[in-house]
Amino acid sequence: MANQEHLDRLKKGSDVWNSWRLQSPGIYLDLSGADLSNANLSNAIFLQANLSNANLRRSNLSGADLGGADLSGAVRREVASVIVP
């Protein structure tokens with residue numbers, strides 16, 4: 001189950017999200033099972049994030065950093081520009 005505080009921050013946009021991530025690098029990101037469909041997540045930092053079972057359908061992840069992210073079971077149909085290193 002996704003951490004509601006994390007979801008609330010993410011809804012404020014990538015700039016707010018990334019600023020928080022850079023100030024809090026040791027926090028375990030739990031966005032598991034989150035409905036992120038149709039979200040603009042471009043350039044967001046999701047390093048080591050738990051995105052398992054998240055709905056990413058039609059989301060924009062162009063330029064997002066997904067290094068080490070857990071995407072198991074995530075719905076990734078129609079996602080814009082996903083590159084997972």
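The legends below describe close-up views of a predicted model.

**View 1. The aromatic pair of Trp-17 and Trp-20 within helix 2.** A pair of aromatic rings is described by the distance of the centres and the angle of the planes. A search of the whole structure finds 2 aromatic pairs, and one of them joins Trp-17 and Trp-20 in a tilted arrangement, with 5.3 Å from centre to centre and 55° between the planes. Both residues belong to helix 2, which spans residues 14-23, and they are 3 residues apart, or about one turn of the helix. Trp-17 counts as buried because its relative accessibility is 0%, and Trp-20, with a relative accessible area of 8%, is buried as well.

**View 2. The aromatic pair of Trp-17 and Phe-46.** The ring centres of Trp-17 and Phe-46 are 5.8 Å apart and their planes meet at 40°, so this pair is tilted. The pair links distant parts of the chain, since Trp-17 lies in helix 2 whereas Phe-46 lies in the segment after helix 2, 29 residues apart. Both Trp-17 and Phe-46 are buried, and together with Trp-20 they form one aromatic cluster.

View 3. Arg-21 is buried but has no salt bridge, and the nearest side chain of opposite charge, that of Asp-65, is 8.9 Å away. When neighbours within four places in sequence are left aside, Arg-21 is in contact with Ile-27, Leu-29, Ile-45 and Leu-47.

Methods: Residues numbered from 1 in each chain as written. Predicted model: local features only at pLDDT ≥ 70, side-chain atom pairs only at ≥ 80, totals over all residues. Heavy atoms only, no water. Phe/Tyr/Trp six-rings, centres within 6.5 Å; stacked < 30°, edge-to-face > 60°. Helix = DSSP H or I, 4+ residues; strand = E, 2+ residues; numbered from the N terminus. Buried < 20%, exposed > 50% of the residue type's maximum accessible area, 1.4 Å probe, protein only. Lys, Arg positive; Asp, Glu negative; His and termini not counted. Salt bridge = Lys/Arg side-chain N within 4 Å of Asp/Glu carboxyl O. Contact = heavy atoms within 4.5 Å.
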